[in-house]
Amino acid sequence: MAKKNILICGAGGFIGGHLVNHLLKDKSNNLICADIKPKEYWFQIYEENKNFSLDLKEYENCLEVTKNIDYVLNMACNMGGMGFIENNKAECMLSVLINTNLLRAGLKNKIKKYFYSSSACAYNASKQNETFIKGLKESDAYPAMPEDGYGWEKLFSERMCRHFQEDFNLETRVVRYHNIYGPLGTYNGGREKAPAALCRKIIDAKINKKKEIDVWGDGEQTRSFLYIEDCIRGTMNVFNSNHSDVFNVGSEEQVSINQMIGIIEEIAGYKVNKNYQLDKPKGVRGRSSDNTFIKSKINWEPNYSLREGLKLTYDWIHSEMTNGTNISKFTKS
Ligand code: GDC
């Protein structure tokens, strides 16, 4: 059987790395991996793949890496948690060049299908002003009022995919990720999201016998978080489906940040006082996913509870912080 040539963009990142790891299990896949980071900074790298460190904002680079490619999965963008996206709006918006040039190059090189990773930040902010809101349905992105900067780029790029499909017959698939977390991701340095940041802070408090951690906001803001393995399965299910609609890939298990801290404290066996920092980036007041549409069309829903996913994440961050060794197994079985 002819091998499928699959390009993974952002392969050195958190989700991209896990996707590569997953796709490698199918020996009929020939993987081409691209990321702007120098290879020594990729979260996961596999020598059997073709690995390129290059800037996909440049059209010439997109043309080069999409040659002879059948499928493109684009996970590449300049992003992070609230601390990064609230303070780097122009940088976030420049990722529009990655998606635009990959689509143009993919069309020129006659790829068969294109996947775009959008975000829950594409949703209308005015529908996220309360805690414990009803889950966001895909239609709640309109009328458009997404997260400033990052969210506008995501919503615009979603529509670009739609129009490349409608006008140029390029098959596209798009999902909106809802705060994906897990091992082998960023847990410090400023780009980390709340699950990793709060695991790190509690581990640090426990190791150094500190009584208090900093928490951004009042801790009552709500979110849902999706474990990386569920994210990869949802991604591939949508990619392999015949549906070009935009789908939520998220969890419906909505918690406040204080509740999540409570779960992490139980995992750690260590309790902390919370120093609420009201001037730090907070984002929307409440956000969660409504999975009705993806369940009905794709038959996907998450397998991991937040507690199960946080335990695996906590253990990995703990091992990184204490002896720097990677745990190779991240599944619950
Ligand atoms: O960063 P994040 O996980 O992103 O923050 C969730 C909530 O947790 C925010 O209200 C934040 O203020 C609070 N929080 C409390 N303490 C901390 O130490 C901390 N660090 C962080 N990072 N947050 C803390 C994300 C985007 C992503 C992506 C997803 C999609 O927004 O940052 O890029 O697109 O959304 O759902 P969040 O959930 O606001």
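Where is the place of proline 143? Proline 143 sits in the loop between β5 and α6 (150-168), and a cis peptide bond, with omega about 0 degrees, joins it to tyrosine 142. Most peptide bonds are trans.

Before I go on, a word on the model. It is predicted, with pLDDT of at least 70 needed for local features and 80 or more for side-chain atom pairs, while totals for chains, interfaces and linings use all residues. Residues are numbered from 1 along each chain as its sequence is written, and side-chain values use heavy atoms, leaving out hydrogens and water. When I say helix or strand, I mean DSSP runs numbered from the N terminus: H or I of at least four residues for helices, E of at least two for strands.

Now to the sheet. It is open, has seven strands in the order β3-β2-β1-β4-β5-β6-β11, and its pairing is parallel; two strands pair if DSSP finds at least two bridges between them. At the edges stand β3 (50-53) and β11 (246-249), each with a single partner strand, so one side of each has no neighbour in the sheet. From one strand to the next, the twist averages 20 degrees; angles here run from 0 to 180 degrees between N-to-C directions, with axes as lines fitted to C-alpha atoms, for helices over the stretch in contact.

Helix α1 (residues 14-23) packs on this sheet, touching β1, β2, β4 (71-74) and β6 (171-177), where contact means heavy atoms within 4.5 Å. The direction of α1 makes about 160 degrees with that of β1. Helix α8 (residues 228-240) lies across β4, β5 (113-119), β6 and β11, at about 155 degrees to β6.

Let's look at β1 (residues 4-9) itself. Five of its six residues are buried, so the strand is largely enclosed by the rest of the structure; buried means under 20% relative accessible area, exposed over 50%, and partly exposed in between (1.4 Å probe, protein chains only). Six bridges join β1 to β2 (residues 29-35), and isoleucine 6 has leucine 31 as its bridge partner in β2.

Finally, two residues for you to find on screen. Most residues other than glycine have a negative phi. Asparagine 179, in the loop between β6 and β7 (180-181), has a positive phi of about 40 degrees and is partly exposed, with a relative accessible area of 21%. Lysine 209 has a positive phi near 55 degrees. Its loop runs between α7 (194-207) and β8 (212-216), and lysine 209 is exposed, at 68% relative accessible area.
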